[in-house]
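Dear colleague,

I am handing over the structure below, followed by notes on what was found in it. Please read the notes with the coordinates open.

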Amino acid sequence: MDPHQLNYKVQLHDQEWVINVSRILEEGFDEKDGVCVSIFTVPKSLMSSKQEAYVPQVVAIGPYHRRKPEIFEMERCKLTSANRVQKSFKRQSKLHHLVQTLEQNDITIRACYHSFLDYDKATLAWMFAIDASFLLEFLQTYSAKKETSLVRISSKMNHLIDYTRRKTSHHAILRDIIMLENQIPLFLLKQVHSLCYDQEDNPDQILSFMLLGFFRELSPFVHVIINDSYLQEECLQKAHLLDLLYSTIVPEEPLMDLQVNVEKEEANEEEKGDKNWFLRGLIAILNMLLYINTIPIKLMEKIFNSKILMFILMLPYNCFLHFCNSNQKDAVTQVVSSAKNLAEEMGSINPDKDKSPLVEEIAIPSVSELSKIGVKFCRTKGGLGTISFKRCSGKFYLPIIHLDDNSEVVLRNLVAYEASIAPEAMVFTRYTELMNGIIDTEEDARILRECGIVVNRLKSDEEVANLWNGMTKSVRITKVPNLDKVIEEVNGYYLGSWKVKMKRTMKKYLFGSWPFLAFIAANLLLLMSAVDAGCSVYNCSKWFKS
């Protein structure tokens, strides 16, 4: 590009910016209007982990990614949708009438975005009018009744918008319109949709049912109960589609049901405590026997580490060196040196080195490790408030989650949105950290699938494990008291198991003694070499015959 043309474009860009800023300051936008920032850019720490999960690949909705060259050709399809929606307008309204209304609300619309929108008033109004029309035509495939749809899908759009929701392109658009940076205010959808119906048709109810169908298609927690009153009163009050999905998954009062359930379980455990006195006494006796059995091991460890024993064991080797010739001496020294190297290698082995968790991963045993000590995983039909652990029965309750090709994008953008709005308790982020902690391998995913907790529509259990293990980045440390209490109870139950105690004891006192065992092996090799050398000189066969 010619440098003069580049400089001209830069100057024009700066002039537009100055005009927009001056107009905003002159109009004097007042924050008391109640408009909150709700559409953010994804934090860099999350974007760097998997950029394609946050950046639209097919269609740009809103101003953030409109200028991407690879998806700009979708503008033609959006214009087709806008034209078809315009034909369904009542009261002889046209799209330019809608644009004029949007221009009047320009400041309110801009206030919804975290970043400065470098567009003039007219460009931004036309952009939102066209994008909202495209979204409405797409969302009508989720209408409860087809007769309430705005228009029939044209043949030109059949490859993108599909009532059966089976085509790959349909799901690609579905993933794009739920991304955090690809949102537009929900009141724009409501405003465009109201132009397509008469007031007696109750357009808000029709749009609410569209959004409900969209939620059921995209939500990983399909068993979350949403009543009709919520749809009518709260649904259209949300900021945008992602905010609607987030608010239906995470309650406004985080995990209050869980706190009540935990208190009830503790009361039940106290009542059952008196009845299970025999079982608790038996466990105490087993723990005492286990402790008594470790005393000889500790005593042997002290004896083996004593200098007196080391001197006695080294005495045959020192005496043998005086009687062997130099060649035999070098051979024996080589044997002992090899044994010493082996001992150093064995001593440096860390059984958990390859399985060490990532920095962001919480400290909790995996599903397979918990299953080995008798923990039973039980599914619950509900949301995040149903997560609990019953210590008395060893049952870990988790909500049913459906995973498909859209799930990773949905989960990642929900985490990004929660990080952006920064609630008091980042419940959903903590849930993803919990699942990331207990699912490490394909075996863990298989167990949860067989228990009915994970409904897997991906290709394999390995993909489920990779999905959760890939979500390790967090913008800040998350603490949710109720979920943290569940994690603490699971860890306490695991560490209190006699199997785990025995495993830790064996690891500490037996596998930690590899250097000593290698030293014993070296002395045995040395003794065998001494016998062989002595027999070659004094003809030991005569001694055995006598």
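**Findings**

Phenylalanine 116 is partly exposed, with a relative accessible area of 40%. The residue sits in the loop that runs between α5 (106–110) and α6. Together with Trp17 and Val18, Phe116 makes up a nonpolar patch on the surface, and the accessible area of the three is about 290 Å².

Please keep in mind that this is a predicted model.

**The chain as a whole**

The chain contains 24 helices and 5 strands. It has 546 residues, of which 44% count as buried. Its accessible surface is about 30600 Å², with 56% belonging to carbon and sulfur atoms. Of the contacts between residues at least 6 apart in sequence, 74% join residues at least 24 apart.

**Helix α7**

Helix α7 (residues 168–177) is largely enclosed by the rest of the structure, because 7 of its 10 residues are buried. These buried residues are His170, His171, Ala172, Ile173, Leu174, Asp176 and Ile177. Their cover includes α6 (121–139), α9 (203–218) and α11 (241–249).

**Salt bridges**

The whole structure has 13 salt bridges. Three of them are described here, beginning with the pair of glutamate 408 and lysine 50, whose side chains meet at 3.0 Å, N to O. Glutamate 408 belongs to helix α17 and lysine 50 to the loop between α2 (44–47) and α3 (74–87), so this bridge ties together parts that lie 358 residues apart in sequence. Glutamate 408 is buried at a relative accessible area of 18%, whereas lysine 50 is partly exposed at 25%.

Arginine 430 and aspartate 484 form another salt bridge, at 2.8 Å, N to O. This pair also links distant parts of the chain, with arginine 430 in helix α18 and aspartate 484 in helix α21 (residues 481–495), 54 residues apart. Both arginine 430 and aspartate 484 are buried. As for shared partners, salt bridges join Lys50, Glu408 and Arg412 into one network.

The bridge between aspartate 106 and arginine 110 has its closest N and O atoms 2.7 Å apart. Here both residues lie in helix α5, 4 residues apart, which is about one turn of the helix. Aspartate 106 is buried, with a relative accessible area of 3%, and arginine 110 also counts as buried, at 9%.

**Negative patch**

On the surface, Asp405, Glu442, Glu462 and Glu463 gather in a patch of negative charge. One of these, glutamate 462, is placed in helix α20 (residues 461–470). Its relative accessible area is 44%, so glutamate 462 counts as partly exposed.

**Two loop residues**

Alanine 422 has a phi near 50 degrees, a positive value in a residue other than glycine. Most residues other than glycine have a negative phi. Alanine 422 is found in the loop between α17 (407–421) and α18 (427–438), and is partly exposed, with a relative accessible area of 45%.

Isoleucine 387 is in the loop between β1 (376–380) and β2 (388–390). Its relative accessibility is 0%, so isoleucine 387 counts as buried. The C-alpha atoms of isoleucine 387 and valine 486 are separated by 7.9 Å, although the two residues are 99 apart along the chain.

Regards

Methods
Residues are numbered from 1 along each chain as its sequence is written. This is a predicted model: local features need pLDDT of at least 70, side-chain atom pairs count only at pLDDT 80 or more; totals for chains, interfaces and linings use all residues. Side-chain values use heavy atoms; hydrogens and water are left out. Patches are made of residues with over 30% relative accessible area and no salt bridge: like charges are joined within 9 Å, nonpolar side chains (Val, Leu, Ile, Met, Phe, Trp, Tyr) within 5 Å. Accessible areas come from the Shrake-Rupley method with a 1.4 Å probe; for residues, only the protein chains shown count as cover. A salt bridge is a side-chain nitrogen of Lys or Arg within 4 Å of a carboxyl oxygen of Asp or Glu. Lys and Arg count as positive and Asp and Glu as negative; His and the chain ends are not counted. The place of a charge is taken as NZ of Lys, CZ of Arg, CG of Asp or CD of Glu. Buried means under 20% relative accessible area, exposed over 50%, partly exposed in between (1.4 Å probe, protein chains only). Contact means heavy atoms within 4.5 Å.
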